[in-house]
Amino acid sequence: MYGEILCMLNMSPQERSVIMLIIHKVIVSVSVVLLIGLQGCLAHAEEPGASVEYLFVDDFSEDVPRATPAKWKVYASAGYVTVVSDATTGRAMRITSDPSRQNTSASAAFAEPLARETRILVVEHLVHSSQEKNNMYVSKDGSHRLHWWVSANHLYFNRGVGDQRTSVRLAPLQEGWNRIRLVADIDTQTVVFYVNDMNNPVGEAMRFGREIDSWVGAELIFSQSRSVNGEFRYADVQVWAAAADEEEELRQRAEQAEPIWLEYDDVARKPKEWWQSQEAIFLAERIVHRMDDVDVFIDVPIGSLTVPDGILPTQLNILAHVYAEFGAPKYKEAFHKGLGLLLEAQYQSGGWPTVYPRYKNRDLHLDMYAQATWNAIPALLNAVLTRQPPFDTDIASEFDHSTLESALARIPPKESIKRFSYADYALRSPEWWESQEAEYIGDNLLSWQLPHGGWFRDEAWAVLPFSPENMTRTGAAPGEIERGRPGRNGTINPMRFLARLYEATGQERFLEGFYRGLDYLLAAQYPSGGWPNDYPDPRGNAAYVTFNDNAMADIMQFILDMLRGKPPFGFITDEYKKRLKESYTKAIDFILKAQIVVDGRPTAWGQQHDPVSYEPRPYRVFEPAAISGAESVGIIRILQSVEDPPQEVLQAILFALEWLEEVRLPDGRWARFYEIGTNRPIFVGRDGIIRYDISEIDLERQLGYAWYGTWGESLLTEVRQSGYLDRLYERLPEHPTVRVRFHTPREGAKVAGIVPLKISLLHPVHEASLTEVAISVDGIRLYEGTRLPPQGELELDLRRVADGSHTVLVELTHKEWGSFSQALGISVNNLWTLVQNMHPPTTHNWFGFSETFDFLETADRSDGWTYETDQAEQFFGDRDRLVKATDSSEYLVWETPHLKDVTITLYTQPDVAIEEGLVLEVSADGNEWQSLPYVTLSVEAGSKWNSLVVQLPIKNDADVWNYLRLTLTEGLAKDQIQIGRVVITGYNH
């Protein structure tokens, strides 16, 4: 508008540019008032201070309508990026999709001298609301550092990959023009957004999409993909550098925009003065703003750890607190809206969705079912009903108590809202299967069955029948195909239930439902033999053959149960058994062809595989194409179930078992994913980037996924202990592996002392091809050579090995096949230990008989001993001590086979030298005694008594001492020394 006036004055473009900048600074508030008058609801844009230095300004008033904007670099054919007249803004830039280009875009470079000095950049512009997606960026060096966009009349931002989600929906947009401001701080690498209201940010400070160290060379880009229809308008574009005196204020406002992570119970712990703070007011303002969002978060949705500023019950609690302090009507209005949404959102089952209205039709879909149903929501409703502070104001006065009471009464028992599983009912009595309850559940299952015969997944189907008015059977959007899931967590569980119910009741409707499910299962199988994750018409990643969560293994086990006539499947007809046999054979063939081969050697399987090429494929963003340490175990067990297996099946099993042994981690577990080619464990967050350290992925994925497990432990234990593994090697003499058989000791054996190690090659014919043999225990090399040691030549000396689990490792190198290792687990039990506490004898009466228990486990002792049990505080807490009854010499003798070590706690009067009367002797036969020197390990002084710990180490391995004698001679008076705990250890050999 102003540009047209200046054009009429016949000014040059340079003159117009200077005057336009002056006009913009002087009358921008007037223009905003005009916008409010024309638009009705466009908020006033807070004007930058006088110290602002602009990096770029363009309101397109200098441009001629239908021409390309002069200040922008355009990437499009003629006519796709043009300036247009607009009744509200005067001029605007319009971008439409250019089908001849990948993207249609316009970019504006920032002024270099100013960009060099600033740390905080402010970008402000008008954008017209749109249903379609249009993109805005701040970019540098060809990389988008900040990315925000409009879609479905909302503003979004792509925040940094380290956060819980990459895409964030910031705020709803009003119809027509909206003013957007973002304040980006290089020092903190965060950005804060304002929408229409330039005084209050719309959300928390968020990390940049990609880091940037300077605004030098950066540019503003408005872009549109060629795949999106529609036109997109931008106006009044301003980019400026924050002045030095404004940076701190902007950072403080950014800090106030940070989310406050509050649980419902945390609210009550805030002190009263906090609710009067600026932080509480900012928090309440954000919550007021969020009540205008399309969706409200009633609970934490799946895939998140928490929700900024708390879930809806928490937010309502906060609003009530702030309203109680300030009484501002806007807080009461927001509370009314939020509580009304909460009551409106309650499911037919009585619970709530995690996000409303996004999941309003997902009743009983457990991933969308709020846990707050049983904690925060009833706490809130009860507090409102009983007018507990802060609900003792008029904030909820307009709500009918009966409505709140009804909502509370409808809440279901938590234990009833759980995934449906046949295992929960399998062991119930025959009478139960004939009951009305069983038929009710069966009819519920039939109501949830999809028209094509399958079920979506294991929701809480047992609770309610499907209601098309209030629920959806699947996650499909309206108008989309409702796809079922063939696996156990979809179709198999209800089929097992219906089969059992038909067996018990003979009701034909249950049989018909079962066969419709079976037809669906058979139809879903690919010609190559695998099953997709979804069917029919699987799309995208769901079209891959799914081993994930043992889906295919469960299907095949289900088929085996039917083929073998396992109860309750005796009713399966011969025609169906023929089809099932063909299906099972195809599935085995697919498994064999899908086994991942690395450097010519088969390994195991991934979570998903291509149904045509058999190659491993990724699924969700954090599930890469890799070899799976979890799903491979289920596939091996299925191959083991093949009757009269051919050689190729045995080979596949053996290669997979070897791979499981090879990739087992030092702590005994397996990783979920192994990199193909290196066998390195890999981890992926929601950014899709492969990393080799779990700590480097986002916290939500660290905690929310099974990255490690003991999946292969029981399988490997079974195949070793049963001899199955050795039998496999025996049946496959050409298998390219060198294997030994452990004769002595056996796997898991308890051993002690010196143990002969007897091993032999499983196939002696391989001996001539060996080039290196090494044997070690816990990494300590015992043997090296080019052949195995002769039988009985090698011994394991375990006398100095710590008790516990240890590993014997045999490493073999074949001149053609490479290196192999084989481990034997043994349990070393070298030592026995006697802990002799000086408890006095006790006497018990049993049915009129008296029996005395003596706890002193000596083989012999003199008579002059007694016990002290008082004044424990003087003896460092020791309540039981043994003392001499006289000043004469007294002794104690213990039987100590293969004695190794003795430790004795003594209590002495100050200035007493124990060497004057303590004698420790050892004997091989209890007759001939030898005195040995002892050492004092520690001395601790007390007020009246000292504590000493002495040790008698046994150093001479050539002598075997089987008895220990402790003597207190006349050199120590009875009141000078007392004996505490004695600990004796010896060898078990």
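Two strands are counted as paired if DSSP finds at least two bridges between them. Helices (H or I, at least four residues) and strands (E, at least two) are themselves DSSP runs, numbered from the N terminus. The model is predicted, and local features need pLDDT of at least 70, side-chain atom pairs count only at pLDDT 80 or more, while totals for chains, interfaces and linings use all residues. Residues are numbered from 1 along each chain as its sequence is written, and side-chain values use heavy atoms, with hydrogens and water left out.

Strand E41 (residues 860-861) and strand E44 (residues 890-895) run antiparallel and are joined by 2 bridges, with Arg861 standing opposite Leu892 in E44. E44 also pairs with strand E50 (residues 963-968), in the antiparallel sense and over 6 bridges. In that pairing, Glu895 has Tyr963 of E50 as its bridge partner. Strand E21 (residues 608-609) is joined to E22 by 2 bridges, and His609 stands opposite Pro616 in E22.

Aromatic rings come next. A pair of such rings is described by the distance of the centres and the angle of the planes. Here, rings of Phe, Tyr and Trp (its six-membered ring) pair if their centres lie within 6.5 Å; planes under 30 degrees apart count as stacked, over 60 as edge-to-face and the rest as tilted. The structure holds 43 aromatic pairs. One of them, Phe420 with Tyr425, is stacked, at 5.8 Å centre to centre and 25 degrees between the planes. Phe420 also forms an edge-to-face pair with Phe497, at 5.7 Å centre to centre and 65 degrees between the planes. Because Phe420 lies in the loop between helix H10 (401-409) and helix H11 (430-433) and Phe497 in helix H13 (residues 488-505), this pair ties together parts that are 77 residues apart in sequence. Ring pairs link Phe420, Tyr422, Tyr425, Trp432, Trp433, Trp461 and Phe497 into a cluster.

Helix H17 (residues 631-640) is mostly covered, with 8 of its 10 residues buried, including Val633, Ile635, Ile636 and Leu639. What covers these buried residues (contact means heavy atoms within 4.5 Å) includes helix H16 (574-594) and helix H18 (647-663).

A nonpolar core is a set of buried Ala, Val, Leu, Ile, Met, Phe, Trp, Tyr and Cys residues joined through side-chain atoms within 4.5 Å. In the largest core, of 98 residues, Phe497, Phe514, Trp605 and Leu657 touch the most other members. H18 gives the most to this core, with 10 residues. Another core, of 51 residues, lies apart from it, with Val267, Leu342, Leu385 and Leu404 among its members.

Finally, two arginines meet aromatic rings. A charge sits over a ring if NZ of Lys or CZ of Arg is within 6 Å of the ring centre and within 35 degrees of the ring normal. The charged end of Arg701 sits over the ring of Phe622, 4.3 Å from its centre, and that of Arg965 sits over the ring of Trp929, 4.3 Å from its centre.

Key: Buried < 20%, exposed > 50% of the residue type's maximum accessible area, 1.4 Å probe, protein only.
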